[in-house]
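Have a look at it first, then read on.

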2 protein chains.
Amino acid sequence: MALTKTPAFAPRGSKAELEAGLAFTPKFDADGLIPAIVSDMHSGEALMFAFMNAEALALTIETGVVHFWSRSRAALWKKGGESGNVFNVVEMRADCDQDVLWLRVAVEGDGHACHTGRRSCFYRLVPVPGEAGAATHLVLAPDADDTP
Amino acid sequence: MALTKTPAFAPRGSKAELEAGLAFTPKFDADGLIPAIVSDMHSGEALMFAFMNAEALALTIETGVVHFWSRSRAALWKKGGESGNVFNVVEMRADCDQDVLWLRVAVEGDGHACHTGRRSCFYRLVPVPGEAGAATHLVLAPDADDTP
């Protein structure tokens, strides 16, 4: 599904309007993208992080199904379109300066949000406090599910 | 506090190493920054989203206190250094391709993470499903606290 014409979002306002207003004026970067944080509606854990262009954002709002812009494929990307792990939006929020989105979702299919086959993309810990630099080693999170 | 010399993180490996390995090889973008999602350790709600450069990341790992790079001020930024709302890291994770970080934190001071004085930067809802474009209007979230 694609929109025949992507609706234009409202232009950015003053700092006060961005922060205190109710006009939705998302900030797209030089590449036309806005970052989106996706959390699980039940556990609250972060599942993934990706980018939307105006078309992906409009489709997400209109359909309630999460769409991204794939930077690697340079294409509109309905999340889960191939895997079946579709993200249904339970709630979407914008941050204070409207340059990032946060979505709480219900994951369809087998519930695995990550392309590696795991429930979440965030399956490894960075030990903190710890040694920083080339000596930093990740640790598999206790709650990480196995790779399929 | 600043490091006299920022330790260099390990260079990026192959896709398999990035995804399945335990070497921490964070991806910094063309501006030398990596995005960081910050969630509340208790509620799981997203509190804010900001960027770290290598020095801010190293300081965060070594001290357990969140540091960012302020793009607007072009300066190292100890979160809460002025407001008292310091973020103590409870857990830090990297995502599958190690180009975004997720931190669970305990907020010191009055617990307000947002510079507007609210607990979270995500205090407004984007109604979904809804009309997309200039007609999209935000709604104050029921759990949003008042502006001070």
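## Ground rules

This is a predicted model, in which local features need pLDDT of at least 70, side-chain atom pairs count only at pLDDT 80 or more, and totals for chains, interfaces and linings use all residues. Residues are numbered from 1 along each chain as its sequence is written, chains are lettered from A and ligands numbered from 1 in the order in which they are written, and side-chain values use heavy atoms, with hydrogens and water left out.

## Where the chains meet

Let's start with the interface. On chain B, 62 residues are in contact with 62 residues of chain A (contact means heavy atoms within 4.5 Å). Together the chains bury about 4,800 Å², with 62% of that on carbon and sulfur atoms; buried area here is the accessible area (1.4 Å probe) that two parts lose on being put together, summed over both. On chain B's side, B:R93, B:F122 and B:R124 lose the most area to chain A, together 15% of what that side buries.

There are also four salt bridges between chain B and chain A (a side-chain nitrogen of Lys or Arg within 4 Å of a carboxyl oxygen of Asp or Glu). B:D99 forms a salt bridge with A:R71, and their closest N and O atoms are 4.0 Å apart. Strands get involved too: β5 of chain A (residues 87–94) runs antiparallel to β7(B), joined by two bridges. Across from A:R93 you'll find B:L125 in β7(B). Helices (H or I, at least four residues) and strands (E, at least two) are DSSP runs, numbered from the N terminus, and two strands pair if DSSP finds at least two bridges between them.

## A tucked-in helix

Now for α2(B): seven of its ten residues are buried, so the helix is largely enclosed by the rest of the structure. Buried means under 20% relative accessible area, with a 1.4 Å probe and protein chains only. Among the buried ones are B:L57, B:L59 and B:I61. The buried residues of α2(B) pack against β2, β3, β4, β5 and β6 of chain B.

## Backbone details

Which bond joins B:V128 and B:P129? A cis peptide bond, with omega about -10°. B:P129 sits in the loop between β7 and β8 of chain B. In chain A, the peptide bond from A:V128 to A:P129 is cis, with omega near -5°.

B:Q98 isn't a glycine, yet has a positive phi of about 55°. B:Q98 lies in the loop between β5 and β6 of chain B, and is buried at a relative accessible area of 1%.

Methods. Buried < 20%, exposed > 50% of the residue type's maximum accessible area, 1.4 Å probe, protein only.
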